[in-house]
Amino acid sequence: MDPQFSLALGLARVQFAATVAFHIIFPAISIGLAAFLVYFEWRHLRTGDVRWWRLYRYWLKIFALSFGMGVVSGIPMSFQFGTNWAPFSEATANVVSPLLGYEVLTAFFLEASFLGIMLFGANRVPPRIHFLSSIAVAAGTLLSAFWILSANSWMQTPAGAVWQDGVFVATDWWAAIFNPSFPYRFAHMVTAAYLATALFVAGLSAARLLVSRGRDETAPLSLGAAVLVVAVLAPLQLLIGDLHGLNTERHQPVKVAAMEGHWQTRARAPFVVFAWPDEKAGRNRLAVEIPLLGSLILKHDVDGVVTGLDSVPPADRPPVLPVFFAFRVMVGLGLLMIAFGLWGAVLSRRNRLATDRRFLRAAVAMTPSGLFAIIAGWIVTEVGRQPWTVYGLLRTAESASPNLGVPELILSLIAFATAYSLIFVAFVYFLTKLVLRGPDAPAPPAGREAMPAAGVAPAVAEE
């Protein structure tokens, strides 16, 4: 490969990776917060307790902030597809474009139609209509994740399309949408979004309790709900991750080999706890291994044969180092989340969740952990599929625009980094202001004092 083009290709990849890594934070928060908002409003309508309404209004501001950031930060990706990845766009347009179009037609329109009612309609529409709007927006965020992950999963495990005259042509849309890795990837990502948001809500609620010295009467409610979600979803994510890993081992065994640091195809493979993969030597240095555990995890059989990186030529292997360490960051954070959820569940049972200062400080420290895990998982997924953009069919080098210019890429990369840094600083600034200020104390609109389900007497305010 021409060295100039190789450098330009690397810069284009870094630029796209930086864009997606920044963007992915906000859709994840939007997906999770939308569900929390539905829960908060439902509790208010069910009980008439004004604290749930204050919580709803408080987190609605943070949701709006994240939603707006997600829209703004996602726009540069579409431009990059046109400028830096034109051959990829042309080759996959018949499959990927309709999937992304369905996302706009269903999810985005649903969100855009009802978001205004959520934000400004509390005094203008009946409570049940407002609640239905919250449900519609939450459903819209899930629909958006459905189509985006379907498109991404098709690139990982292409199905329902044939390669014809230099482009992919869809032959079976059901097979393309529900491609072999999609169900696992969708479940894993959506669970990760809910889990990351629960940690985000728990951390900011704990910060509110520390800042207000326990006088914020709404923060214990959101803290309790968020910790319960972490306690349930963190172990569940371990199970989903195992199923996702088995599926990946079936369809992308080389990616799994890079994740696990397996250089040779072998039976009774160990689990590599830590190592420094040496790609030139084709082996691990400083390896700490647990015998047989690799086969047991990947094949559920200690005698199972695990595919190694030697199953393909070096040119078809992904970069091992980033995939290997990103996978360990993701798993390590996942185990930490399980421990955090169990700790919180024990404290909740003892009615000390909102008063144990060590736990509150730990919750604050855990605030970004779910988002870091998502970014690490994204590195595993996307770097692990290299050197392919459409796995096994279209190489990354063939997907890049042939006229990429190094100076232009460096300049645009600096511009993106500067713009995103400023946007992120603004996000953190406004988020910090919201946390320090805490929930307002607005009276619920008329008619919202209590809205029990049919046949159920209004509950008393929570203690």
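The lining of the largest cavity divides into five nonpolar, three polar and two charged residues, where Ala, Val, Leu, Ile, Met, Phe, Trp, Tyr, Cys and Pro count as nonpolar, Asp, Glu, Lys and Arg as charged, and the others, Gly among them, as polar. This is a predicted model, in which local features need pLDDT of at least 70 and side-chain atom pairs count only at pLDDT 80 or more, while totals for chains, interfaces and linings use all residues. Residues are numbered from 1 along each chain as its sequence is written, and side-chain values use heavy atoms, with hydrogens and water left out.

Rolling a probe the size of a water molecule over the atoms shows where empty space is left. On a 1 Å grid over the protein atoms alone, a cavity is a set of points where a 1.4 Å probe fits but cannot get out, whereas a pocket is an open set with protein on both sides within 12 Å along at least five of seven lines, and lining residues have an atom within 4 Å of a point. Grid points are joined across faces, edges and corners, and a volume is the space filled by probe spheres set on the points.

The structure holds one cavity of 30 Å³ or more. The largest cavity is lined by L55, Y58, W59, S205, R208, D216, T218, A219, S222 and P439, and the elements that give two or more residues to this lining are α3, α7 (182-211) and α8 (219-251). Helices (H or I, at least four residues) and strands (E, at least two) are DSSP runs, numbered from the N terminus.

The second largest pocket is lined by 28 residues, of which P220, L221, G224, A225 and L353 lie nearest its centre. Elements giving two or more residues to that lining are α2 (25-47), α3, α7, α8 and α11 (320-349). By class, the lining of this pocket divides into 16 nonpolar, six polar and six charged residues.

The two spaces are set side by side here.

| Space | Volume | Element giving the most to the lining |
|---|---|---|
| Largest cavity | about 30 Å³ | α3, three residues |
| Second largest pocket | about 640 Å³ | α8, eight residues |

The elements that give two or more residues to the nonpolar patch are α3 (50-83) and α4 (86-120), and α4 gives the most, with five residues.

V71, placed in helix α3, counts as partly exposed because its relative accessibility is 36%; buried means under 20% relative accessible area, exposed over 50%, and partly exposed in between (1.4 Å probe, protein chains only).

Most residues other than glycine have a negative phi, and most peptide bonds are trans. R268, although not a glycine, has a positive phi of about 55°; R268 lies in the loop between β3 (266-267) and β4 (271-278). The peptide bond from Q386 to P387 is cis, with omega near 10°.
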